[in-house]
Amino acid sequence: MNCSIKTHCSIPQVLIWVTFDFLGDSIPMPGKEMTTNPVVVTIENPPVEIDFSNSNTNSSFFPDKQKASSPKQFTWVLVIKAYRALYYLALGMKATLLSAKKRILLSEVNQEEEEEARTRGKLYRFLRAFLAISMVALVIEIVAHYKKWNLGLIHNPWEIMGLVQWSYMAWLSFRVDYAAPTLIMLSNLCIVLFMVQSIDRVVQCIGCFWIKCKGLKPELVGGEEEEASDVEDGSRFPMVLVQIPMCNEGEVYDQSIGAACELDWPRDRFLVQVLDDSDDENIQNLIRNEVWSWKQRGVNIIYRHRFLRTGYKAGNLKSAMACDYVKDYEFVTIFDADFQPSPDFLKRTVPHFKGNPELGLVQARWIFVNKDENLLTRLQNINLCFHFEVEQQVNGMYLNFFGFNGTAGVWRIKALEDSGGWLERTTVEDMDIAVRAHLNGWKFIFLNDVRALCELPESYMAYKKQQHRWHSGPMQLFRLCLPDILHSKISMGKKFNLIFLFFLLRKLVLPFYSFTLFCVILPLTMFIPEAELPLWVVCYVPIFMSFLNILPSPKSFPFLIPYLLFENTMSVTKFNAMVSGLFQLGSSYEWVVTKKTGRASESDLVALGERESMNSSGQEKLTRRLSESGLEMLRKEKEEPVPVAKKKNMIYRKELALALLLLTAAGRSLLSAHGMHFYFLLFQGLAFLAVGLDLIGEQIN
């Protein structure tokens, strides 16, 4: 209805009746009964002229009118929003349950776990038995809770009628006399180890903070060399051997070979060794053709292939160092198959050796091309950023020693030879040679500003196998080199650092207390309240330690809680690997090549194309394959859709068993109203459930 009403308001108050309904405001009509509350509007200004002819008058003249609403209308809005939120939450839970059900029905048990020997199956059987006992205890606790049994005043067990009541009283007696003291003693031990490890981490963070504040970094002994930028005059450049060990790396071989051949170093002063252990003939031919194409462009490059992969990577490097021409070279740098160093890598690392004859290793930092690919890669990036930014940098600056990362580092060949060369006795040959070189008096330097591009495992299976090797190898090495450390001529301080800090605290204590305290003791305390863990152990200190871990990668701060939960989830794999390496079990000798995807950012490919276009007209363009550059490959991949390989999801029994155990303990915690303990157990159990159902990592059909 269109109407035009003009009036002059001169009275101090005007009583306006406004009717509110659910759909909006309505003007009351004459003759109709008013059922709403009156709203008194006070007008203090001079008379004004109000024109209601425009339909938008209500919104233009009273801009805040829509914001003013009755409590009843506000309540209805909240109810509708709550219903909508519950609806979407129900849909999300339904989709999650259906996805989990589908994954369980269509998945197959991890082949790695099927091939486990008796030794690795014991942990799963222990968890399964522990879970069964906990579920039975939970049922009894629920019955006791709802029936309100108070058996503390009963001294004669025959006064209790019924088997369930008698069993419950027997459990209470056993809990107080035997279970609680044992659990308290074990929890106190783990808390002490937890605090010692936390103090070590805080000290490292303080050292890193001091390095940042003072701007400390390794300096060249002789200062910057002016002639280092003159590639034409190669007489002052030392001979460098570039090694690229690989095994069935069909996705990344061209990237690593191309990056090594593009190093800004006189071509007659470095040699690229492509060390291929592949057993696939097609991949062998591809790598051989790639090497031949770079050789045609004048690069000094050699292809070596072993028919027997004895000693894995250590055997491959040992075989390459046995060549006669190696004696002509002074330094050797190693790049794994997925690493792409910048062209100035050698110019920024090799000069540190000049004037420093005690320097045996210069290690560069890793950066990751796929760190934002999924949740798994984001969490890995947090861990590795802390490892390089804090651990490696602090140890290199103050101790001149750290564990060699196996790639993106330059060794003095004399240091390798004096330390015994590459040995095939462990799966962590990089840490092995670093420890032996340190015992022989060689010093190390870590360069945080020199970085090499690589990629992270995108599937949980690949990451789990990698972590198993990284945590079983150090314990295996500790058994082998402990006598050498004790009988070496290094100072007592360096022996203490190697034995207590480097091996025991960071390689053994960390996975031990992480698994025992948060995955075994904490669930047990829900059924044995006499041994309840304090809140600062469960919540405050772990969150603070996780916060310190995230400081080197501040953009990962939103993933603080997922990182804490995921680290506790990975403690199962790390604890299992640690025990395997410590007691020399069969799985400690297992070496599985980490799966690569060959990802390269578009910016890198575009930069490569720009460098190619800037070449002179008479110069042959550098390519990463035989006939097309990386940029052309990118365009081709966009034009031609690549068929997606179908894969089956895996289920991980240990993680699922612990998920049910933690959720059972969360149910018991809910009965006792433990508060924060309940939330921790609940979310930690859900984290184990997600990992056990392979819901983290790359998307799998």
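How many aromatic pairs does the structure hold? In this predicted model, the structure holds 25 aromatic pairs. One of them joins Tyr 460 and Tyr 652 in an edge-to-face arrangement, with 5.0 Å from centre to centre and 85 degrees between the planes. The arrangement counts as edge-to-face because the angle between the planes is over 60 degrees. This pair links distant parts of the chain, the two residues being 192 residues apart. Tyr 460 belongs to helix 13 (residues 460-487), whereas Tyr 652 lies in the loop between strand 14 (650-651) and helix 19 (653-672).

Eight strands make up an open sheet with mixed pairing, and their order is 8-7-6-9-12-11-13-10. Its edges are formed by strand 8 (301-305) and strand 10 (340-341), each of which pairs on one side only. Helix 7 (residues 281-296) packs on this sheet and touches strand 6, strand 7 (270-276) and strand 8. The direction of helix 7 makes about 165 degrees with that of strand 8. Within the sheet, strand 6 (residues 240-246) pairs with strand 9 (residues 331-334) in the parallel sense, over four bridges. Leu 241 stands opposite Val 332 of strand 9.

Another part of the chain carries annotations from a record. The unreviewed UniProt entry assigns the annotation "transmembrane region" to residues 126-146, 178-196, 498-527, 533-551 and 656-671. In the model, residues 498-527 are 100% helix and 0% strand, and the C-alpha atoms at the ends of this stretch are 40 Å apart. For residues 533-551 the chain is 84% helix and 0% strand, with the end C-alpha atoms 28 Å apart.

Two packed helices are described by the angle between their axes and the distance between the axes. The axes of helix 15 (residues 535-550) and helix 20 (residues 676-692) come within 9 Å and cross at roughly 65 degrees, and the crossing is left-handed. At the contact, Leu 535, Val 538 and Cys 539 of helix 15 meet Met 676, His 677 and Phe 680 of helix 20. Of the residues in this contact, five are nonpolar, one is polar and none is charged.

Terms used: Residues numbered from 1 in each chain as written. Predicted model: local features only at pLDDT ≥ 70, side-chain atom pairs only at ≥ 80, totals over all residues. Heavy atoms only, no water. Pairing = 2+ DSSP bridges. Contact = heavy atoms within 4.5 Å. Axes fitted to C-alpha atoms, helices over the stretch in contact; angles between N-to-C directions. Left-handed = near helix turned anticlockwise from the far one by under 90°. Nonpolar A, V, L, I, M, F, W, Y, C, P; charged D, E, K, R; others polar. UniProt positions renumbered as here; feature names shortened; annotations may be inferred. Phe/Tyr/Trp six-rings, centres within 6.5 Å; stacked < 30°, edge-to-face > 60°.
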